[in-house]
Amino acid sequence: MEKRAVFKSWWLPVLFALPQLVLILLFFYWPVAAVVNWAFTLEPPFGGAAEFVGFANFKEALSDPFYWNSVVVSLIFATVGPFFCIFIGLTLALAVDRQLPGSGFFRFFYILPFAIAGPAAGMAFRFILSPERGLAASINALSPDLWNPAKYGSHALALVIIIFIWKWSGYTFIFLLAGLQSVPRALGEAAAMDGAGPFRRAIDVQVPLLAPTLFFLLVTMMTEGFVGADTFGIVHSVTGGGPNHGTEVMVYRIVDEAFQGLNYSGASAQSIILIGLIMVFTFIQFRFIEKRVHYK
Amino acid sequence: MADIQIRAVRKSYGKTPTLHGIDLSFDSGEFVVILGPSGCGKSTLLRMIAGLEDITAGEIAIDGRVVNKLEPRERGCAMVFQNYALYPHMTVAGNIGYALKVAGVAKAERERRIAETAKIVGLQDYLERRPAALSGGQRQRVAMARAIIREPKVFLFDEPLSNLDAKLRVTMRAEIRKLHQRLSATSVFVTHDQVEAMTLADRLVVMNRGHVEQVGRPLDIYHRPASTFVASFIGAPAMNLFTTRIEVETATVRLDGAAIAIDPLVAHALRGREVIVGIRPEQCRLTTEGKGLPARIDFVEELGVGRVIHCEIAGEAFAAAVAEDADVSAGDTVWLSLPPEQLHFFDAETGRRIEFPLPGTDIAAARGSASTTQHTGVLS
């Protein structure tokens with residue numbers, strides 16, 4: 001049955017929709033329009049109206065080796081991070097779903113990190129994994145600089161990715177646990193009768209039936225890794241993009257370029273490239289991976 | 001082929017007991033049906049045999065080996081689930097062959113056995129389909145094939161026919177029975193449907209509230225129900241039951257002022273006791289006016305093969321099956337005769353059957369030669 005309200009006047013429905021329309025216009029379409037405008041224009045150095053410069057801002061960004069460095073860093077961040085988030089979330093969800101004693105307790109604590117703001121987690125990990133004290137100090141006692149994110153870009157990148165994983169595994173865990181609970185229990189029992197142990201049951205029965213959830217998480221987590229608030233927040237609070245641009249993900253570079261370098265036009269061009277990149281990734285995911293996902 | 005011994009098995013969920021000490025023994029190659037209303041613990045018992053539920057107390061032995069601590073895969077059982085539990089992401093062949101794949105059987109051998117098994121259940125043309133593209137009956141067959149291919153010692157069926165429509169259920173029932181004759185593995189079949197139970201079982205176990213009420217051959221249980229629960233659960237429409245007192249002088253029981261004659265020796269044996277008298281609707285006879293029990297018909301059910309008249313006698317619902325050409329309609333008053341030899345007597349307090357001849361009496365003519373069961377009520 002279709003429910004349809006019919007309005008006699010044209011202005012009443014518009015009035016009802018107005019608050020939402022205003023919000024979308026103010027916080028979505030206006031910024032997008034501004035970014036597009038900036039990306040194709042440049043403010044003259046000594047003031048005056050912005051001039052149209054075509055693709056010059058894009059050319060400048062793409063010819064900068066540090067820009068390409070940030071693309072590589074972002075790609076690593078947005079593939080390694082989500083992969084481990086999903087893998088760890090899945091492992092934990094499979095374990096909790098078995099409903100062994102204490103699973104309620106663990107369910108609560110696995111979700112908890114997600115409630116902590118990324119920058120706060122970043123600050124905490126700066127101390128937890130700082131090279132000169134605690135756990136890392138004893139590792140470095142074996143040989144100096146085995147772990148030194150203040151010195152090596154690769155270590156620093158690993159550090160920010162670890163923090164991202166620590167926080168977002170709780171998120172994937174919630175979705176995967178919910179997904180597992182919608183897999184009929186009888187299927188697992190049937191597999192048990194067929195001779196499959198818990199591990200085999202997980203691989204052969206549970207994970208394939210989680211495919212829709214896994215696909216959803218792949219898309220959302222990769223997007224999160226590229227442009228998420230935590231991606232910026234963690235990098236900003238832990239490494240500030242360094243050392244030597246080693247953790248400079250695309251979002252961090254854009255913010256840095258815009259608000260430190262005051263290069264709004266360059267930052268806008270980079271934003272548009274980033275959006276395009278995410279669109280390409282999402283397209284690839286839907287085009288080639290979604291086909292292999294069974295919805296019922 | 002394996003026998004199953006269930007000894008003093010109990011099950012509790014937390015503090016709530018659901019099975020209160022079950023003792024059963026199933027012979028090798030037997031087809032046993034466990035029948036009971038929902039919540040009686042029959043599925044729990046089956047799942048304990050399968051290894052899907054922990055056994056709180058007691059032990060279960062399959063083929064002489066205690067299996068309490070064994071994983072399902074180590075018990076040699078195959079199970080057909082109520083809603084089939086087919087793997088939706090695998091083809092029919094994948095579903096049937098999964099057990100072999102897990103067991104590490106080589107691909108060629110596996111395919112040969114899948115084809116062979118699919119043929120038994122008539123699915124050879126559907127091997128590449130997924131379960132979603134199959135009808136209910138076909139899914140049921142896949143579930144059975146998945147059990148057959150493992151060549152199990154024991155087949156477990158957990159209400160496998162309850163999701164099928166009435167016609168298909170009858171067909172599948174016959175197929176399951178045929179399959180059993182062919183494979184002759186010990187089969188345990190759980191159902192709440194008494195027709196399924198009566199038609200399939202070599203031996204029937206009737207359960208209620210976590211207890212075994214009666215064990216026996218289906219016909220014995222039908223003819224000599226061990227308790228009022230079994231009497232009312234088996235047979236459709238259910239047996240008519242009345243709580244009453246025997247009048248020993250006239251050898252009658254009284255219902256709504258009408259006196260029903262009973263065997264004088266029975267009356268003598270039961271003198272002074274409060275008993276529950278039962279008679280099956282199909283044993284009631286229409287008789288001429290003024291004889292037997294008057295009954296005013298509330299409504300008449302047409303069954304095709306006959307009619308069932310429903311009325312109220314002594315404050316209890318009463319049903320009687322009559323011939324299809326019987327001239328009865330709602331509002332009529334009919335007279336029913338209840339043959340004394342067809343009456344069942346139960347203890348009013350315990351609900352247990354009172355068996356004749358009673359110990360210490362000399363009523364020689366024991367009625368029926370049916371074997372008694374361990375749960376038969378006996379007068380002390």
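User: In which helix is A:Ala61 found?

Analyst: Welcome! A:Ala61 is found in helix α2 of chain A, residues 56-62. Helices here are DSSP runs of H or I with at least four residues, strands are E runs of at least two, and both are numbered from the N terminus. This is a predicted model, where local features need pLDDT of at least 70 and side-chain atom pairs count only at pLDDT 80 or more, while totals for chains, interfaces and linings use all residues. Residues are numbered from 1 along each chain as its sequence is written, and chains are lettered from A and ligands numbered from 1 in the order in which they are written.

User: Why is A:Ala61 called buried?

Analyst: A residue is buried if 20 or more other C-beta atoms, placed from the backbone, lie within 10 Å of its own, exposed if 12 or fewer, and partly exposed in between. A:Ala61 has 25, so the word is buried.

User: Which residues does A:Ala61 touch, not counting those up to four places away in sequence?

Analyst: A:Ala61 touches A:Tyr67, A:Gly266, A:Ala269, A:Gln270 and A:Ile273. Contact asks for C-beta atoms, placed from the backbone, within 7 Å.

User: Now chain B. What is the angle between α2(B) and α4(B)?

Analyst: These helices pack at about 30°, with their axes 7 Å apart. Axes are lines fitted to C-alpha atoms over the stretch in contact, and angles run from 0 to 180 degrees between N-to-C directions. Angles under 35 degrees count as roughly parallel, over 145 as roughly antiparallel, 65 to 115 as roughly perpendicular and the rest as oblique. That is why α2(B) is called roughly parallel to α4(B).

User: Which residues make that contact?

Analyst: α2(B) supplies B:Val92, B:Asn95, B:Ile96 and B:Ala99, and α4(B) supplies B:Val142, B:Ala145 and B:Arg146.

User: What makes β16(B) and β17(B) a pair?

Analyst: Strands pair if DSSP finds at least two bridges between them. β16(B), residues 293-302, and β17(B), residues 306-313, have five bridges and run in the antiparallel sense. B:Ile297 stands opposite B:Cys311. The two strands form a hairpin with three residues between them, and B:Gly304 in the turn has a positive phi of about 90°.

User: How many bridges join β17(B) to β18(B)?

Analyst: Eight, and these strands also run antiparallel. Here B:Ile309 stands opposite B:Ala320. Their hairpin has two residues between the strands, with B:Ala314 at a positive phi near 50°.

Conventions
Contact = placed C-beta atoms within 7 Å.
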